[in-house]
Amino acid sequence: MSKKFKVVKTSVEKVDGYSLVAGRGVFVDDIDLPGMLQIKMLTSPHAHAVIKSINIKKAEALEGVHTIMTHENVPRIPHTTAGQGFPEPSPYDTYTFRRKVRFVGDRVAAVVAETEEIAEEAMKLIEVEYDVLPAVFDPKDAIKEGAPIIHDEEDCYIPIPVAYEPERNLCAHVDVEAGDFDKAYAESDVQVDREYYSHYAQHCPMEPHICIGYPDENDRLVLRVSTQVPFHSRRITAQCTGIPIRKIRVIKPRIGGGFGTKQEVLLEDVVAFAVMRTGRPVRWALTRKEEFISSRTRHPQYVNIKIGANKDGKINAMEMKVLSNTGAYGSHALTVMSNCGSKVLPLYRCKNIRFWGDTAYTNMPVAGAYRGYGATQAAFAMECVISEVAQKIGMDTVEFRKMNHIKSGEGSPIFEKLGEGKEGVPQTIGSCGLAECIEWGEKEIEWGKKNPPSEPHKRRGKGVAILMQGSSVPEIDMGSAFIKMNEDGSFNLLMGATDLGTGSDTVLSQIAAEVLGTTEKFIIPYSSDTDFTPFDVGAYASSTTYLTGSAVLKTAEKVKEQIFGVAQNMGPFKDCSVDEMYLEDAQVKCKTCDKTISFSDICNFAMYAKDQFQIAACESHITHKSPPPFTAHFVEVEVDTMTGKVDLLKYVAPVDCGTPINPILADGQTQGAVVNGISFALTEEYFFNEKGVMLNPDFNNYKILSTVDMPELKTTLIDTYEETGPFGAKSVSEISINGALPAIANAIYDAVGVRINNGPFTPEKVYMAMKELKK
Amino acid sequence: MKNLQLIKSDNLSELLELLKKEERKYNIIAGGTDVMVLLKEFLIDPQCLYDVSGLSELKEILVDNDSIEIGSAVTMSDIISDSEVSRYAPVLVSALKEVGSPLIRNRATLGGNVGNSSPAGDSIPALFVLNARVNIVSEGNERSVKIEDFILGPRRNVLEKGEIIKSFVIDKMGTDERSFFLKAGSRNALAISKANLAFRFMLKDNLVKSMNLSFGSVGPVVIKSTMIPQLFIGKKPDPGLIDKSCSLVSEEIKPIDDFRSTAKYRVKVLENLLRKCLDEFC
Ligand SMILES: Cc1cc2nc3c(=O)[nH]c(=O)nc-3n(C[C@H](O)[C@H](O)[C@H](O)COP(=O)(O)OP(=O)(O)OC[C@H]3O[C@@H](n4cnc5c(N)ncnc54)[C@H](O)[C@@H]3O)c2cc1C
């Protein structure tokens with residue numbers, strides 16, 4: 001299974017590591033252009049209201065104010081902010097500015113001024129009269145008859161043929177069935193039917209959204225954006241502003257994290273309009289508060305699971321019903337909801353499966369893509385219910401999982417039925433290290449062994465969750481790469497794929513180096529710039545290594561052929577056949593004779609000697625499968641029965657991601673995702689008042705975990721080889737965020753006997769669940 | 001941010017003189033760990049800040065026969081690492097160790113924690129059980145008030161214009177006395193208390209000789225328990241008394257619901273924290 005590699009599967013230094021730690025990495029905000037103006041956005045104080053009138057006269061008159069944009073003076077073009085392939089599976093329900101505001105934090109007017117301070121002063125001078133409308137906050141209420149209609153405008157639509165009924169706040173709907181769920185469920189010995197709720201959360205990247213725009217010397221618009229999707233950014237900016245694509249250049253410099261929130265085109269339209277109107281460079285950066293309120297969140301969801309099983313432990317029937325809350329706009333509304341089914345249901349072998357998903361509009365903050373993308377929410381419900389079913393049967397919860405989980409060579413009807421806005425793609429599982437993950441985790445956590453608590457009023461417990469994700473969106477996503485050779489034997493590797501701190505520049509350089517028989521030090525990666533790098537859908541859907549990695553591999557193969565071709569034209573290799581040549585140590589070598597030619601000689605020959613040409617290639621890749629990575633998370637907790645506080649003692653996360661191209665980076669993704677998940681499970685929470693205002697939009701009151709909160713964390717990479725991936729790789733970045741909610745919930749149950757069906761597991765919630773308090 | 005003047009001096013009388021003459025809206029600043037947050041959230045709107053962190057008179061720890069005087073501008077880290085405070089006022093050290101994170105404790109001062117007068121200030125219940133007195137100075141004047149009289153309400157205290165806190169005088173605990181500080185928060189670092197308590201007592205011949213108890217984060221100000229010590233003093237603690245005292249908690253505190261926690265939870269948790277302390281001593 002395991003293959004021998006030279007550069008791949010080694011933890012080479014991150015190619016941008018040194019410059020980042022030395023503070024030399026250049027981020028969007030690290031440039032200061034002469035005459036740069038600043039944008040501040042006036043946002044809605046109401047959850048649902050019509051702007052009756054808006055008067056910008058006084059504000060415009062303020063010295064230092066250049067222009068103010070509102071729905072009255074900016075074209076109204078329906079679009080989605082979701083950075084997805086075109087046509088997007090998200091409704092066109094958003095306009096740069098709108099007459100109706102739909103959540104607290106919705107855009108009202110953008111002030112462009114000399115400084116942020118002046119813009120803020122001007123904001124106070126804008127007079128807005130609102131007609132406040134009744135608002136609806138819970139998706140269950142939103143889809144009831146008589147609820148206030150959030151998108152009653154006539155020009156919103158979804159550009160693909162799927163269910164979309166804004167007239168009843170239904171933003172998306174999917175239902176599929178394989179076999180006969182009702183019959184199989186009714187006939188099962190054991191039935192469990194439970195509803196879980198997963199809550200609001202924000203991605204909290206270190207760097208909030210930011211965009212700097214300026215006209216270049218040819219009057220093209222240049223946008224430096226903190227984005228995961230530079231090409232979608234360019235396309236959607238063109239759509240909103242009417243500027244032709246050829247006149248827009250999007251640059252993605254170093255990025256300070258995204259986790260999905262930057263798979264959105266959130267600032268570019270306004271910055272583009274501002275540059276067009278003023279002819280000056282313009283900067284718009286969100287504050288942390290704006291990031292919480294007005295950017296994107298995870299989709300809160302109600303997930304109802306029904307499972308029917310036989311006494312012998314076989315699962316007969318599974319049903320998942322999802323009610324997702326997309327907030328005021330439908331970014332990723334359909335696909336996140338579908339993903340609940342497609343990334344969670346196939347994990348268990350079962351013939352009778354039903355999936356039912358609705359996504360509702362509400363007057364709440366707008367949800368979007370967030371690491372895990374529905375799988376996080378659904379796995380919480382699924383993995384808790386699976387444990388409950390096992391307990392009802394009287395089986396150990398790990399044994400039950402071992403008996404029922406999918407294995408290599410098996411498929412699931414769900415793969416075929418549930419896709420992204422259309423039917424899915426049938427597939428059988430190739431590589432699968434899930435059994436090994438479970439085995440490793442069981443040993444590491446000492447499954448079955450009950451440890452004594454550290455103090456008498458505390459209780460210990462252990463919990464498990466098993467998980468899968470995917471690697472890119474099959475038949476939809478495309479990545480490409482361009483490689484050219486230089487005289488010193490180095491190669492430029494240009495990619496539309498976006499490294500946002502993930503390390504993809506390093507991983508993709510390693511793939512190129514492996515094919516080209518050189519080291520990553522001789523690869524010069526560059527990502528991304530729509531003027532110079534070839535198209536890539538961007539960094540999402542756990543796709544970069546698997547999808548763009550394959551494009552890089554193919555491109556490098558093409559370059560390799562050209563190198564062989566040149567070698568054959570050069571003296572020493574006249575008599576050698578291409579079949580006998582290979583690349584090693586930055587040289588062309590031959591299997592039969594012991595002659596070599598250096599890359600440098602090859603390139604100099606190609607450029608300067610004879611039949612001159614540039615050794616270069618560009619290849620693209622789409623995938624026909626989305627091979628899942630697998631993991632099994634185990635956790636031991638200690639619950640304080642006096643306060644309800646849950647302490648994590650140990651967290652174990654072995655992951656099968658196929659070949660880890662760079663093991664340390666892969667492990668880093670796992671560790672980061674686990675902490676992200678624990679933080680979501682234990683402390684992260686949005687608080688709203690009855691008017692839909694978020695009360696805690698800062699890190700003082702929205703708690704993310706810190707170093708001292710870290711449990712002992714054990715991760716490992718389980719070796720498998722995915723035949724369809726570059727050098728056997730599949731994805732790693734999302735999967736491990738999905739484990740903490742269910743694994744910790746299961747451990748709390750093991751410790752104190754309560755099942756908590758909504759996060760986060762705060763001391764209050766756990767305590768109150770423990771003691772049904774009488775008031 | 002608008003213009004804000006920072007006035008810093010290393011001479012106490014000079015600063016007090018300037019303060020007396022000051023006609024603009026001002027705030028005192030020490031470590032700034034509250035002030036900077038308040039400024040950012042527009043909860044205060046001063047025109048100038050008087051920085052007391054450079055005043056050596058405010059940075060001393062003096063140990064006497066039966067009391068300790070701690071300067072208001074001594075940082076929490078310095079108090080925690082002071083061996084005499086650790087020995088004679090361990091309950092204060094336990095409370096300060098619960099504050100924020102090492103970074104915060106390196107800047108935060110005791111004067112700031114009390115000056116901020118938040119019901120969640122972790123040092124305050126400890127100062128209560130140590131019978132702390134607050135020494136206040138102004139140009140040409142000095143006065144001293146009991147800690148429980150110093151704080152008037154959430155972020156309100158008796159300081160008048162021109163006055164600053166100079167120091168705190170606390171009891172030196174005897175070697176036969178014991179104490180606890182317990183806090184319920186949501187995570188290990190940088191968590192504001194949902195509820196906390198400080199507890200100090202002495203047993204002699206199995207009888208409770210003295211007991212001081214106070215609760216934080218469960219009312220508009222830190223609360224000094226009177227009923228519970230009364231119940232115990234002069235008696236031998238037993239499970240019956242403990243049950244009874246726990247049931248008194250809800251009568252002594254007035255917690256509120258906020259997004260950090262619910263009132264119901266705060267009462268329950270305090271009862272439990274108290275039970276934990278009391279179980280220790282019988
Ligand atoms: C991230 C974070 C976490 C925190 N965690 C905790 C925690 O766990 N527990 C806790 O109790 N607190 C916590 N705090 C609050 C804060 O750190 C403490 O209240 C600290 O003691 C304030 O001290 P300071 O010197 O920084 O005060 P400053 O911010 O300088 O001042 C605070 C107040 O006291 C007044 N003041 C300061 N010195 C004097 C003086 N000598 N005379 C008169 N008035 C004065 C100021 O005018 C101001 O009103 C936290 C704060 C932050 C930012």
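Predicted model: local features only at pLDDT ≥ 70, side-chain atom pairs only at ≥ 80, totals over all residues.
**Exercise 1.** Describe the interface of chain B and chain A.

*Solution.* Start with the residues. On chain B, 23 residues are in contact with 27 residues of chain A. Next, take the area. The two chains bury about 2200 Å² between them, with 58% of it on carbon and sulfur atoms. Then look for polar links. Four residue pairs are in polar contact across the interface, both residues at pLDDT 80 or more. Now turn to the chain B side. Helix α12 (residues 263-280) gives the largest share of this side, seven residues. By type, the chain B side divides into ten nonpolar, six polar and seven charged residues.

**Exercise 2.** Which residues form the salt bridge between chain A and chain B?

*Solution.* The rule finds one salt bridge across the interface. The cut-off is 4 Å between nitrogen and oxygen. Glu455(A) and Lys276(B) form the bridge, their closest N and O atoms being 3.4 Å apart.

**Exercise 3.** Classify the ring pair Tyr196(A) and Phe380(A) as stacked or edge-to-face.

*Solution.* The ring centres are 5.0 Å apart. Planes over 60 degrees apart count as edge-to-face. Here the planes stand at 75°, so the pair is edge-to-face. Now place the residues. Tyr196(A) sits in strand β8, and Phe380(A) in helix α10, 184 residues apart. Both are buried.

Conventions
Residues numbered from 1 in each chain as written. Chains lettered and ligands numbered in written order. Heavy atoms only, no water. Contact = heavy atoms within 4.5 Å. Buried area = accessible area lost by both parts, 1.4 Å probe. Salt bridge = Lys/Arg side-chain N within 4 Å of Asp/Glu carboxyl O. Polar contact = N/O pair within 3.5 Å; in protein donor to acceptor, adjacent residues only side chain to side chain. Helix = DSSP H or I, 4+ residues; strand = E, 2+ residues; numbered from the N terminus. Nonpolar A, V, L, I, M, F, W, Y, C, P; charged D, E, K, R; others polar. Phe/Tyr/Trp six-rings, centres within 6.5 Å; stacked < 30°, edge-to-face > 60°. Buried < 20%, exposed > 50% of the residue type's maximum accessible area, 1.4 Å probe, protein only.
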